[in-house]
Amino acid sequence: MRRLCWADVVDRAAVIVTGYDAVGGCTLRQVYYRLVAEAAIPHTAPAYRRLSARLARARRGEGFPDLIDPLREVHVPPAWPDAGAFLDEAPAWFCLDHTAGQAAAVYVACEKDTLRAQLTGWLAESGIPVLVVRGFGSQSYVQVVRERTARDPRPAVLLYVGDFDASGADIERDWVARTACWASVERVLLTHDQVREHELPPAQGKAGDPRWPAFARRYRLDANRPVQWEVEALDPAELHRLVAAAVAPYVDSAVLAARLAEEARQRARLRAVLDDAGRRLAGEGPAGGADT
């Protein structure tokens with residue numbers, strides 16, 4: 001795609017954001033890297049800032065689809081108008097562990113928070129946990145993961161989603177080494193083969209990155225020209241397909257279906273109990289009779 005004027009960039013960004021509606025929404029960073037991958041804008045800090053300002057202006061005009069910002073939320077204590085409203089909502093919160101009965105304890109780790117909304121949405125039915133590494137993860141987070149996997153007698157499997165670049169490869173290596181709890185590890189995204197298959201254009205890498213020379217030698221890249229490929233540049237439908245394909249071998253569909261059916265049965269029982277409690281709170285008495 002040719003480099004666009006900024007009015008056309010905003011129009012193209014709106015199309016990109018709308019394309020993420022079915023996969024949990026889109027962040028500013030994802031829009032940016034999709035536009036960079038299409039060569040619609042340059043991969044520079046000024047271009048990112050200008051895109052942010054342009055899209056903010058378009059959103060203030062209420063003519064642009066919503067973006068998500070997973071790091072900025074309004075933290076409000078939960079509250080309900082009355083006890084009846086609480087009882088009415090409570091059954092929907094009840095869930096069983098959807099991974100129970102599966103042979104392995106599978107985790108999907110993503111390097112950055114930008115994919116958390118999509119991954120948690122895609123993996124909700126299977127119950128597979130999502131780990132957000134956020135660069136070189138803290139030791140506290142490492143310990144949380146180690147303790148969680150230690151409590152599960154099943155072999156722990158890590159499926160990793162991250163950028164294809166020198167730093168991204170080292171972040172994965174560091175995370176796997178420090179957690180040291182995995183029976184197997186697979187990089188789902190991005191790989192060198194995927195970069196070539198999808199013809200993703202490289203973005204300028206980090207100048208002076210000490211990890212680059214070895215990375216360049218491994219993949220026969222120009223040692224004098226650091227580059228990187230961002231996972232956000234991949235079309236969301238393809239990203240979803242690749243994650244689903246990586247997870248599928250670890251999910252016994254019959255076991256999962258039985259677990260979901262049991263959850264629905266227990267949720268219905270809970271609904272009946274709470275409906276009766278709600279009637280008592282409202283002064284209507286138990287089902288089938290007056291309050292005494």
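1. Some ground rules before going on. This is a predicted model, where local features need pLDDT of at least 70 and side-chain atom pairs count only at pLDDT 80 or more, while totals for chains, interfaces and linings use all residues. Residues are numbered from 1 along each chain as its sequence is written, and side-chain values use heavy atoms, with hydrogens and water left out.

2. Back to the second largest pocket, which holds about 170 Å³ of space. A pocket here is an open set of points on a 1 Å grid over the protein atoms alone, where a 1.4 Å probe fits, with protein on both sides within 12 Å along at least five of seven lines; lining residues have an atom within 4 Å of a point. Points are joined across faces, edges and corners, and the volume is the space filled by probe spheres set on them. Among the lining residues are Asp97, Thr99, Gly127, Pro129, Arg148, Arg151, Asp152 and Arg154. Strand E1 (residues 105-110) gives the largest share of that lining, three residues. Helices (H or I, at least four residues) and strands (E, at least two) are DSSP runs, numbered from the N terminus.

3. E1 deserves a look of its own. Six of its six residues are buried, so E1 is largely enclosed by the rest of the structure. Buried means under 20% relative accessible area, exposed over 50%, and partly exposed in between (1.4 Å probe, protein chains only). Ala105, Tyr107 and Ala109 point one way from E1, with Val106, Val108 and Cys110 pointing the other way.

4. Who are E1's neighbours? E1 runs parallel to E3, with six bridges joining them, and parallel to strand E2 (residues 130-132), with three bridges. Strands pair if DSSP finds at least two bridges between them. Ala105 has Ala156 as its bridge partner in E3, and Ala109 stands opposite Leu131 in E2. From E1 the chain goes through helix H5 (residues 116-123) to E2 in a right-handed β-α-β crossover. Right-handed means that, with the strands pointing away from the viewer, the path from the first strand over the helix to the second runs clockwise.

5. E3 (residues 156-161) also runs parallel to strand E4 (residues 184-189), through five bridges, and Leu158 is partnered there with Val185. The E3-to-E4 link passes through helix H7 (residues 166-179), and this β-α-β crossover is right-handed.

6. On cysteines, the disulfide count is zero, taking a disulfide as a pair of cysteine sulfur atoms within 2.5 Å. The closest cysteine sulfur to that of Cys26 is in Cys110, 15 Å away, too far for a bond. Cys26 is buried at 0% relative accessibility, and Cys110 is buried, also with 0%.

7. Two backbone spots to check by eye. Ala180, in the loop between H7 and E4, has a positive phi near 50 degrees and is exposed at 53% relative accessibility. Glu199 sits in the loop between helix H8 (192-197) and strand E5 (203-204); its phi is near 55 degrees, positive in a residue other than glycine, and Glu199 is exposed at 68%.
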